[in-house]
Amino acid sequence: MAERGMRIGRRGALALAASGLAWPGIVRAQPAIGATRRAGTNLYEIVVSPGTSTVYVSAAGDRAPGGAKPQILVLDAATLEPRGTIDLEVAGFGLGLNERTQTLYATNTIAGSVSVIDLKQRKVVATPQHGEKAHLREAVVDEAANRIYVSAFGGGREEAPSAIWVIDGAKAAIDHVITEGLETGGITGLALDPAGKRLFATAMRSNEVVEIDLAARRATRRFAAGGEGTVNLAFDAKGGRLFITNQRTGELAVLNAQSSAVIRTIATGEGALGVSFDPARNRIFVANRRAGTTSVIDGRSLEVVASLSTGTHPNTVAVDPRTGYGYVTNKRRMAPRGQPPVEDPNGDTVSLIRL
């Protein structure tokens with residue numbers, strides 16, 4: 001038996017690593033920075049297209065006259081080498097991707113609209129909008145149903161309540177808007193449970209998670225998020241867990257999605273912001289904006305296995321489900337109001353985390 005174990009070879013070791021199993025004598029590689037690239041101006045969210053091995057990054061540009069224009073940056077997923085850009089009329093901030101239709105959705109937070117981008121043509125084909133300049137944030141996609149859910153922050157003000165826009169992907173138009181039960185709290189992050197026909201949302205002002213019944217089109221439950229400054233979340237469908245970043249307390253809270261009980265809170269770093277979950281390898285990535293680090297957490301032990309310096313202000317993180325690689329956007333250091341931009345070699349970068 002020992003002899004057979006010695007003969008497993010490189011191919012067998014790789015197969016075991018991919019399956020998430022351990023073999024005596026085989027040590028899993030520690031997460032490490034594989035590449036970092038300066039890219040664009042004023043970076044925000046990032047998504048990965050596994051089928052095309054492409055990374056898309058929202059670059060909001062400069063608001064000042066004559067400054068950099070808003071774009072979507074197109075990067076090679078293996079090397080972060082540029083593959084081109086997609087020009088936008090208005091700045092996009094949040095991103096959602098339908099891999100099946102190769103359509104990208106960018107939330108135009110300041111303009112209060114969504115840019116629907118055909119990735120094959122590399123151009124905006126529609127800009128659905130509802131009301132007057134809603135403060136849009138996240139976009140998550142149900143690929144099977146071709147539905148897109150967009151969070152409108154609102155902030156609890158009577159004239160601008162929080163809401164979820166539901167976009168019909170086939171028509172590239174808003175199908176309906178969910179507001180019942182979302183009037184207060186300030187909705188920010190979203191996580192979809194397609195099998196349960198529900199959406200989880202973070203309410204930043206009340207430090208809560210809101211569960212939304214998509215068939216009934218209303219919020220049905222609210223519960224404490226396990227920290228303060230609740231901003232983003234990810235859903236573990238197999239384990240029935242929620243992973244929630246609490247920016248003010250610098251922690252990731254792990255909650256039972258059914259009972260809302262806190263399983264554990266994990267100190268990741270100051271300003272915990274972006275979060276992404278890789279179910280194939282049971283790994284959680286957390287971008288800690290003020291700490292300048294990205295945490296990689298083992299989903300089984302719920303222990304931090306790596307804390308990597310990825311740039312000035314790590315903002316959002318995405319995972320390629322095929323490779324398990326993480327991609328992090330890092331914002332630049334901002335100059336005081338009215339002052340020229342600060343030269344920041346570690347800002348406006350994209351980092352690739354290899355396992």
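Contact here means that heavy atoms lie within 4.5 Å. With that in hand, start with the whole chain. Among contacts in the chain between residues at least 6 apart in sequence, 43% join residues at least 24 apart.

Two notes before selecting anything. This is a predicted model, in which local features need pLDDT of at least 70 and side-chain atom pairs count only at pLDDT 80 or more, while totals for chains, interfaces and linings use all residues. Residues are numbered from 1 along each chain as its sequence is written, and side-chain values use heavy atoms, with hydrogens and water left out.

**Whole chain**

Show the chain as a cartoon. Its secondary structure comes to 2 helices and 28 strands; helices (H or I, at least four residues) and strands (E, at least two) are DSSP runs, numbered from the N terminus. Along the principal axes, the C-alpha atoms fill a box of roughly 70 × 50 × 40 Å. The radius of gyration is 20 Å, which agrees with the value near 20 Å for a compact globule of 355 residues. That radius is taken over C-alpha atoms, and the globule rule is 2.2 Å times the number of residues to the power 0.38.

Switch to a surface next. Of the 355 residues, 53% count as buried, where buried means under 20% relative accessible area, exposed over 50%, and partly exposed in between (1.4 Å probe, protein chains only).

**Stop 1: T41**

Select T41, in the loop between β1 (32-38) and β2 (43-49). Is T41 buried or exposed? With a relative accessible area of 18%, T41 is buried. Leaving aside neighbours within four places in sequence, T41 is in contact with A59, A60, G61, D62, A68, R332 and D348.

**Stop 2: V141**

Go to strand β10 (residues 136-142), which holds V141. V141 counts as buried because its relative accessibility is 17%. Not counting residues up to four places away in sequence, V141 touches G96, L97, N98, Y105, R147, I148 and L192. For a distance across the model, select T268 as well: the C-alpha atoms of V141 and T268 are separated by 27 Å, and these residues are 127 apart along the chain.

**Stop 3: N146**

Follow the chain on to N146, in the loop between β10 and β11 (147-152). N146 has a relative accessible area of 16% and is therefore buried. Which residues does N146 contact, leaving aside its neighbours within four places in sequence? They are N98, T101, Y105, I167, D168, G169 and A170.
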